[in-house]
Amino acid sequence: MDIEVKMTVNGKAVSGKVEARTLLVQFIREHLRLTGTHVGCDTTQCGCCVVHVDGVAMKSCTMLAVQAEGKAITTIEGLAAPDGTLHPMQQAFRDHHGLQCGFCTPGMVMMGVDIANRLPGADEKTVRHQLEGNICRCTGYQGIVEAIMDASAVMNAARS
Amino acid sequence: MHNFNYHRAADVADASGKLTSLDDPKILAGGMTLLPTLKNRLAAPSDLIDLAGIADLKGISVEGNEVVVRAMTPHAVVAASAEVQKALPALAQLAGNIGDPAVRHRGTIGGSVANSDPAADYPAGCVGLDATIVTNKRKIAADDFFLGLFETALEEGEVITSVRFKIPDRAHYMKFRHPASGYAVVGVMVAQYGSKVRVAVTGAGPCVFRVSEMEAALEKSFAPASIANIKVSAEQLMGDIHCSAEYRAHLISVYARRAVEAMV
Amino acid sequence: MGEFAIGQPVTRFEDPRLLRGGGRYVDDLAIPGMLYGQVLRSPHAHAKIKSIDISKAKAAPGVAAVLVNEDWANSGFGDLPRAEGKKKRDGSPMYRPHFPALAKDKVRYVGDPVAFVVADTVAQAQDAVELIEVDYEILPNVTSVALGSQPGAPLLWDDCENNICFVHLEGNKDKTDEAFAKADHIIKKRFVITRVTAATMETRGSIGHYDQAADRYTIYTTLQRALNFREELAETLNIPESRLRVVAGDIGGSFGMKSGVFNEVGLVLLGSKVTGRPVKWVCTRSESFIADAHGRDNVSDAELALDENGMFMGLRVHNLVNMGAYTQPGTDAGAYSNLGTLAGVYLTPAIHVDVTAVYTNTNIMRPFRGNGRPEAAFVIERLVDLAADELGIDPAEIRRRNMIPPEKMPFQTGLSFNLDCGEFEKVLDQSLEMVDYKGFEGRRAEARKRGKLRGIGMSYTIEKAAAPGYEGAEVRFDRTGSVTLISGAVTHGQGHETVFKQIVSDTLGIHPDEIHYLQGDTDQVFFGEGTGGSRTASLGGSAVKVATGKVVDKAKKIAAHMLGVDEVDFSEGVFTARETNRTLSMKDVARAAMSPKNMPQGMELGLNATAAYNTTRQNYPNGCHIVELEIDEDTGQVEMDRYVVVDDVGTVLNPLLLKGQIIGGISQGVGQMLMEQIRFDPQDGQNLTGSFMDYAMPHAELFPHIDIKSHPVPTKTNILGTKGAGEAGCVGALPAVANALVDALSHLGVTHVDMPATPERLWRIMQEAKAGRA
């Protein structure tokens, strides 16, 4: 029996009919065709699927679409400015070569924004620790950690 | 994942009623353990009853000598709570090291406690901090709540509504993370209440347990040296390809000692 | 054009797209009418299939087809690609088992595909897979390579004696035996190189689409060598290559693993042929552990002969290498194609290697970040440290003494490498300086006070890159003077697009924003071998360079014709007539080349060029890694504190991307040394590491900041002077970390630590060493 769900995704009201077992990530990827959010595991460990739900990072592979009823979701597609300018976190990932194959990247960037929001000015050790739920196989993390620290400073400056 | 019926519980009574009347239902709290289990087809409940819409299951308060955490409060909220950090920093520290940031944003204390996962952190927090598990029907001492591997004292139709932690004089939690899963291989909560001491261990056995020999030694003299030579038998402990029972037993001694070192 | 010039740290042109969620990985592709496939896999390591009942599955909701071996056999498709060319010890050909996409009669590893269900949705296909009933008769199994070739081991193939796939010999046995007879010291050790998996963040996946009207197949898949893949797959399908299109979008990591034609590639095509609709299969993470090809897994018995001064006289190595249950082209190469690394950067005159490749009840093997290089590097660099310890010589000093000096180049090592260049001692000295080697004992003493055992370890490794082969490139100008750049290589994260655009931009003076890069579609790419073996910068880059050179040559003639002069100069995208100072831009010429009136007599229209670049000589990237780490005496936990690398990968095309390659490689080497391992139950052959819950992946917290410097010694083996960089990081990391661990424990008499050096393993080593000393 399909269930009607309604939520806001990247600022737009969306709705759809889903099975109860449909995961949020499936709704985002398959119903909305926003394929930037990826699935890299089935045990809630890799973080490729991280999106923001009401402003905080969550793993969209471990959440039912029906659980997102009425929530505001931001995916990687909704991060850049309306004019296309990259978000400081996206820009920093590019500047620091924080991505190679690009598959873990959307989740890393969304987690990076979440870390910068929660822990402005976090040091290298803290950032590394905060990435305990995101796996990258290509970069060895150095560029990612540098990017998050750099963008965090930029975001901090913009806030104050 | 097999399909199921999905219900949003209006209140705890509604959840409890559905839990009793439906075929093979399960409560859906944060879903951090349940959903991966379903995704891998290791369980196939007929119905999921979502507690997320019940407002009075969320929140934290300090009431007298207790920190009260309502069942649907996410770990991140406990970790970031100024009240918890002030009254019971060991609990904030424990909650702040469960899983990862995204998991902490969704995973709840009620879900963790009700599941009695042998490698979860909260059971050590509950037993170590002499907590009371409050349900829609009764109050259960943490010592009597965790019965075994994924087994608790919860009865049919019973829903956890809050967990009440007794504020200790001092406490500390230390955890050795599993290299792959990030769960606790060994997590030790040491708490001191006047002349009484509690040492609760998660991760190592099929269920959280207390180490009475360490408690007695620390009650005599609260110092790392008091427990330096106390070993826990590996016989009842779990072993896997990463950490044998013998190694876990050793880690209990090391982490208990380090927790005490951090407290004195 | 300085900003994008070769050698500049240009940020990647592919990034904005990937950072906006605009990647196009295979699972992102949806074709109207598409169905979904799921594989029923063997739950047993070795069993006879007595019967399969698919009736319930066929009747399940949404199911379009349920395929078993018979369907594969009846389809006209043949074996999946099979390895060939090697020989057994008696000179007879290697054992080459048949390799259907679905098991016939017998299953040979946990995960061996048995049936394929095609349904309207993934969930329906999964539901139906559970309804297939297979009656198995369980057979004894062997998963360990050390036990696989022992007499009496269970046989995978009845007619394959002792499970031996092939034997490979290299070097000079007589000379080596002679050296050992004269030696003052012989260091002997057995090294177990564990089995690991690539664990690419994007799992494998394929969409098969058979167009019945055109009788043509299209496969959208995860790969790193599109044209070779098409050749191998066409052979399997028994069709000409022209009736097969292979398309790869973005590839979410491969590291060698996605280089082959896996069973599921055949299955989605068969599923599409049977149902008349496109069929998608995407591996789940947990499935990937039993479905992917694995890497490494060998046992090395190695001996190093030395004279009284610590000079290496000879090296003797016997390897047993796990092949898994089947072999494909390239799955066997890790056993023999990179043994040259064993010779190291040393003068060792006599070397002999004896390799036996063994079938076992395990997943097939594939190259993984180094493909035999890290394995060999581990053996030689551990042996060198063992020798240093035995003879009481400092590890840096014993390496220095034995290093090949630049004045001996070119140098033929005792194995296959004929080195053209390298300044090993300079690289070593820079590394020692970077890590403050002299200050180490002070840091060790300070750590001791904190209850930490600090160790330092180094490796100096060399490998081959860009083995003799070829690569294609094409530069096409369109009517507006912008460019389409096509390569036969397939990036799976390395940043080919960026480096190739740098070369084009640098040579032609076209802004990178006006260049469109295209790869991975066999209907569009004319030529090439693909990516692998650290070859693309050298071969793919050189091909782009040659193609742009051809464009310049032609454009100069057109420009001269248009300007009415005999010859023009070309610099930074501008053609200048010497006599008149009149100029034309590359874009002017490209546009003009579309019109016959502008062309010199007899010249073809258009400004396009293709190039097929080939080399006959490989190159030899090399470098020094030094690691400092601390072991917690109570728990065995390891914390890395310093990691420095000085590499020589020849001419550096883009230092930003180079650094990324080296650090990424290091993370995989460190992962294998400290935590990763695919493990099988020795009794029932089950894979015990079947998800990220049990297979330990390195996280950000594991690593210190890694410091990297380059010491380029350009090679003359290709026109760019580059040496391969893709695998170097991983090659150096394994032995460097191992040597640091051993050094940290050396005061306890510890001389070796096996991988993975988990906290428990280190704790046990410390317990045993202390008990032994008490």
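Before anything else, a cut-off I need: a residue counts as buried if 20 or more other C-beta atoms lie within 10 Å of its own. I also keep in mind that this is a predicted model.

Entry 1: I looked up Asn371(C) and found a positive phi, near 50°. Asn371(C) sits in the loop between strand S15 (350-359) and helix H10 (373-391) of chain C. Is Asn371(C) buried or exposed? I find 27 other C-beta atoms within 10 Å, so Asn371(C) is buried.

Thr44(A) is another non-glycine with a positive phi, about 65°. I placed Thr44(A) in the loop between helix H1 (24-31) and strand S3 (50-53) of chain A. With 28 other C-beta atoms within 10 Å, Thr44(A) is buried.

**Entry 2: cis peptides in chain C.** I noted a cis bond joining Met409(C) and Pro410(C), with omega about -5°. Pro410(C) belongs to the loop between helix H11 (395-402) and strand S16 (411-412) of chain C. Met755(C) and Pro756(C) are also joined by a cis bond, with omega about -10°. I traced Pro756(C) to the loop between helix H18 (728-745) and helix H19 (759-773) of chain C.

**Entry 3: a helix of chain A.** How many of the 8 residues of helix H2 (residues 88-95) of chain A are buried? I get 7, so H2(A) is largely enclosed by the rest of the structure. Among the buried ones are Met89(A), Phe93(A) and Arg94(A). They pack against helix H3 (105-118) and helix H5 (142-159) of chain A, together with H1 of chain C. Just after H2(A), I spotted His97(A) with a positive phi of about 50°.

**Entry 4: where chains meet.** I looked up chain C against chain A: 43 residues of chain C are in contact with 44 residues of chain A. On the chain C side, H17(C) gives the most, with 7 residues. By class, that side has 17 nonpolar, 18 polar and 8 charged residues.

Next I turned to chain B, where 13 residues are in contact with 15 residues of chain C. Helix H12 (residues 245-263) of chain B gives the most to the chain B side, with 3 residues. I sorted that side into 9 nonpolar, 4 polar and no charged residues.

Terms used:
Residues numbered from 1 in each chain as written. Chains lettered and ligands numbered in written order. Predicted model: local features only at pLDDT ≥ 70, side-chain atom pairs only at ≥ 80, totals over all residues. Contact = placed C-beta atoms within 7 Å. Helix = DSSP H or I, 4+ residues; strand = E, 2+ residues; numbered from the N terminus. Nonpolar A, V, L, I, M, F, W, Y, C, P; charged D, E, K, R; others polar. Buried ≥ 20, exposed ≤ 12 C-beta atoms within 10 Å, placed from the backbone.
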